[in-house]
Amino acid sequence: MAREITYRDALREALREEMYRDERVFLMGEDIGAYGGSYAVTRGFLQEFGPERVRDTPIAELGIVGLGVGAAIGGLRPVVELMTINFSLLAMDQIVNHLAKIYYMFNGQFTAPVVVRTVEGFGQLAATHSQFFENYFAYVPGLRVVAPAVPKDAKGFLKAAVRGNDPVIFIEHSLIYRNRGEVPDGEDFVLPLEGAEVRREGQDVTIVSWLRGYYLALGAAEELARAGIECEVIDLRVLRPLDVETIVRSVQKTNRLVIVEEGWKSFGVGAEIAAAVQERALDYLDAPILRVASVEVPMPYARNLERLVVPNKDRVIEAVREVLYQRLPAPLTR
Amino acid sequence: MTSTVDGQLPGVALPKSELLEMYRLMVLIRRFEEVAAEQYALGKIAGFLHLYIGEEAVAVGAIRAMDPEDHLVTHYRDHGYALALGLDPRRCMAELFGKATGLVGGRGGSMHFADASKHFWGGYAIVAGLLPIAAGLGLASKYLNQRRVAVAIFGDGATNNGAFHEALNFAALWKLPVLFLCENNQYGMGTAVQYASAVREMYRKACAYDIPAEQVDGQDVIAVYEATKRALDHCRSGNGPYFLEALTYRYRGHSMADPETYRSKEEVEEWRRHRDPITRLREQLLTHNVATIEELAALDRAVEEAVAEAVRFADESPDPDPATLTQFVYADPITVS
Ligand SMILES: Cc1ncc(C[n+]2csc(CCOP(=O)(O)OP(=O)(O)O)c2C)c(N)n1
Ligand SMILES: [Mg+2]
């Protein structure tokens with residue numbers, strides 16, 4: 001059996017169930033308790049679980065993650081929240097130099113199974129509050145980096161992350177919390193923290209994306225279908241470990257690849273995917289791999305300018321047409 | 001002067017066996033490191049090697065005061081703590097040699113000793129990075145209703161870093177059982193305390209968080225032991241964190257590459273000659289007839305042999321197996337590629 005619930009409720013269910021299942025699981029972050037969470041994911045949790053297990057913290061991101069690392073080594077299962085991914089920069093030392101290194105550097109003697117939940121997105125929040133940093137984390141061996149787009153994955157991944165033995169950077173998106181989707185019943189519904197998924201089949205072009213980008217890809221695919229172009233849409237779901245195989249298999253069929261990402265194009269996740277795909281499937285490609293990404297500027301506040309920065313459905317459609325060599329030639333004169 | 005109770009120092013409750021063990025451990029640390037420096041010069045050890053020579057009383061006094069169940073995290077100047085904990089000098093030396101038999105299989109080297117079985121959760125090489133981790137260990141202890149104290153070892157330099165202040169605030173705010181033990185050896189690399197810290201005494205920084213704090217003579221192993229005991233009792237009784245500053249001095253350079261342009265030879269000599277922790281305990285033991293010269297000489301000889309054996313062991317040990325290179329990146333399986 002399955003029910004249709006929102007992405008936010010999927011996260012809430014995962015956290016509640018894991019907290020009831022295992023007393024060692026606790027939450028820690030800024031304004032997750034009395035305030036209810038900046039995105040209301042933990043609303044009501046303080047009342048339900050008490051202040052020992054739902055811990056409001058000082059505004060100290062490095063400390064939040066660092067205490068998580070220590071608590072995990074000490075035998076707990078911390079789920080720490082960084083209010084938004086923009087603030088994760090202040091915790092980078094604990095994440096990269098500590099969390100990601102503990103298991104290897106000390107020769108497998110102990111692990112630090114911390115789940116770091118954080119969220120990216122935009123919405124006229126200007127330059128410092130509208131950034132996409134998943135590539136920063138996906139670069140680091142030792143971290144698992146998940147970016148679920150649908151409620152089912154949100155729940156299954158979060159539960160698996162809490163139960164697993166590796167550190168997990170769990171990236172949510174502020175503009176998809178209200179999206180709905182089917183989630184299987186049962187408190188033991190967990191998903192492996194790996195693997196991309198083909199969510200729409202098609203033979204003309206492969207589009208890969210994750211988080212909100214996945215919905216843009218799906219929207220573009222539906223519109224293009226009306227024009228007789230069938231796109232295969234892959235939800236990447238997990239950035240590290242990267243499932244190149246699933247993308248390559250699709251490209252071997254479609255011979256064309258478009259990557260949709262909200263981050264800046266240079267040095268982004270899309271660059272990695274393109275490189276990995278050409279290493280294994282160069283001969284299958286009938287067109288250059290294209291990336292639809294953000295314009296490389298600090299995010300402006302004004303609505304019209306912001307809209308120009310982030311990818312949208314039309315830009316995805318344009319890219320698909322381009323890899324099909326169907327793009328209208330640019331006018332010669334203005 | 002004569003001792004009041006046979007086999008004891010005046011005013012010190014420790015039995016002779018414990019005093020001799022403290023002596024032996026300090027000599028072991030010193031000899032281990034002197035030999036490590038020689039092996040470094042021979043090219044057997046590479047990378048960073050931060051010696052602890054001169055500071056031995058801090059590690060020995062602190063570790064001997066701890067319960068076996070207490071948590072320990074240290075900075076990269078960690079050999080002294082590992083040896084004081086009783087870890088095998090052979091495996092310590094093998095780690096410096098980068099061998100498979102090392103404490104962490106040759107993956108960490110000098111800066112990343114660890115032994116989970118002793119709750120020694122590692123040496124950390126990012127200045128101040130271990131402090132929030134120590135607070136987290138304290139949180140785990142409290143959450144699980146354990147009586148363990150998390151002991152954090154760090155330098156004077158670390159107190160100027162944001163991580164230090166975040167960790168102290170967390171520990172005080174949540175009344176976590178954490179002992180912050182600062183080794184003030186007067187320098188962070190080549191920068192003397194007065195050029196890096198607005199406050200010259202490290203323990204005074206704790207007052208911003210209402211954490212009780214004191215300074216102790218880090219060259220006096222018994223003073224460090226007693227202060228640590230009191231501090232641990234405070235933490236263990238549910239009173240929250242404690243801050244201890246041990247005034248000490250490193251005789252050698254910051255690491256093996258240090259040109260030592262920032263201090264005078266006279267200054268170093270002054271500490272070596274008049275404030276050496278081993279000489280001090282040795283003289284106390286002899287003056288008060290706690291031990292004889294022969295007894296101490298026997299301990300010295302045993303240490304000498306143990307260190308020679310450690311080098312032999314490290315030398316003969318195999319390199320890490322290249323097949324293990326990618327082991328321990330993840331604890332759970334990965335199947336995608
Ligand atoms: C964050 C960070 N910055 C700089 C360094 C380089 N570094 C290593 S040790 C050190 C000095 C630290 O001094 P202190 O904390 O007093 O410890 P000590 O070495 O004196 O024992 C510096 C600057 C580092 N490892 N980490
Ligand atoms: Mg120092």
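I began with a salt bridge in chain B: the side chains of B:R30 and B:D276 meet at 2.8 Å, N to O. The model is predicted. I looked up where the two partners sit. B:R30 is in helix 1 (residues 16-41) of chain B, and B:D276 is in the loop between helix 9 (265-274) and helix 10 (277-287), so the pair links parts of the chain 246 residues apart. Both B:R30 and B:D276 are buried.

Next I went to the charged network in chain A. Salt bridges that share partners join A:R3, A:E13, A:E17, A:E18, A:R21, A:K155, A:K159, A:R163, A:D185 and A:D188. A:R163 belongs to helix 7 (residues 151-163) and A:E18 to helix 1 (residues 7-21), 145 residues apart. A:R163 counts as partly exposed because its relative accessibility is 27%. A:E18 is buried, with a relative accessible area of 0%.

I then looked at A:E232 and A:K253, whose closest N and O atoms are 2.6 Å apart in a salt bridge. The partners come from strand 11 (residues 231-235) and helix 9 (residues 244-254) of chain A. A:E232 is buried at 4% relative accessibility, while A:K253 is partly exposed at 40%.

Which charged residue is buried yet has no salt bridge? I noted A:E61, for which the nearest side chain of opposite charge, A:R117, is 14 Å away. A:E61 lies in helix 3 (residues 61-73) of chain A. Beyond its sequence neighbours, A:E61 touches A:E30, A:L82, A:F87, A:L90, A:A91 and, from the other chain, B:E166.

That contact took me to the interface. I find 46 residues of chain B in contact with 55 of chain A. The two chains bury about 4100 Å² between them, 65% of it on carbon and sulfur atoms. On the chain B side, B:Y143, B:F328 and B:Y330 lose the most area, together 18% of what that side buries. I count zero salt bridges between the chains.

Last, the nonpolar cores. The largest has 128 residues, and A:I273 and B:F180 are among those with the most contacts inside it. Helix 5 (residues 130-143) of chain B gives the most to this core, nine residues. Domain 1 (2-184) and domain 2 (197-323) of chain A each supply at least three residues. I listed contacts of A:I273, including A:W210, A:L236 and A:L257. Apart from this core lies another, of 79 residues, with B:L14, B:L20, B:Y23 and B:F97 among them.

Conventions: Residues are numbered from 1 along each chain as its sequence is written. Chains are lettered from A and ligands numbered from 1 in the order in which they are written. This is a predicted model: local features need pLDDT of at least 70, side-chain atom pairs count only at pLDDT 80 or more; totals for chains, interfaces and linings use all residues. Side-chain values use heavy atoms; hydrogens and water are left out. Helices (H or I, at least four residues) and strands (E, at least two) are DSSP runs, numbered from the N terminus. Buried means under 20% relative accessible area, exposed over 50%, partly exposed in between (1.4 Å probe, protein chains only). Lys and Arg count as positive and Asp and Glu as negative; His and the chain ends are not counted. A salt bridge is a side-chain nitrogen of Lys or Arg within 4 Å of a carboxyl oxygen of Asp or Glu. Contact means heavy atoms within 4.5 Å. A nonpolar core is a set of buried Ala, Val, Leu, Ile, Met, Phe, Trp, Tyr and Cys residues joined through side-chain atoms within 4.5 Å. Domain bounds come from an automatic or database domain assignment. Buried area is the accessible area (1.4 Å probe) that two parts lose on being put together, summed over both. Lists of a residue's contacts leave out its neighbours within four places in sequence.
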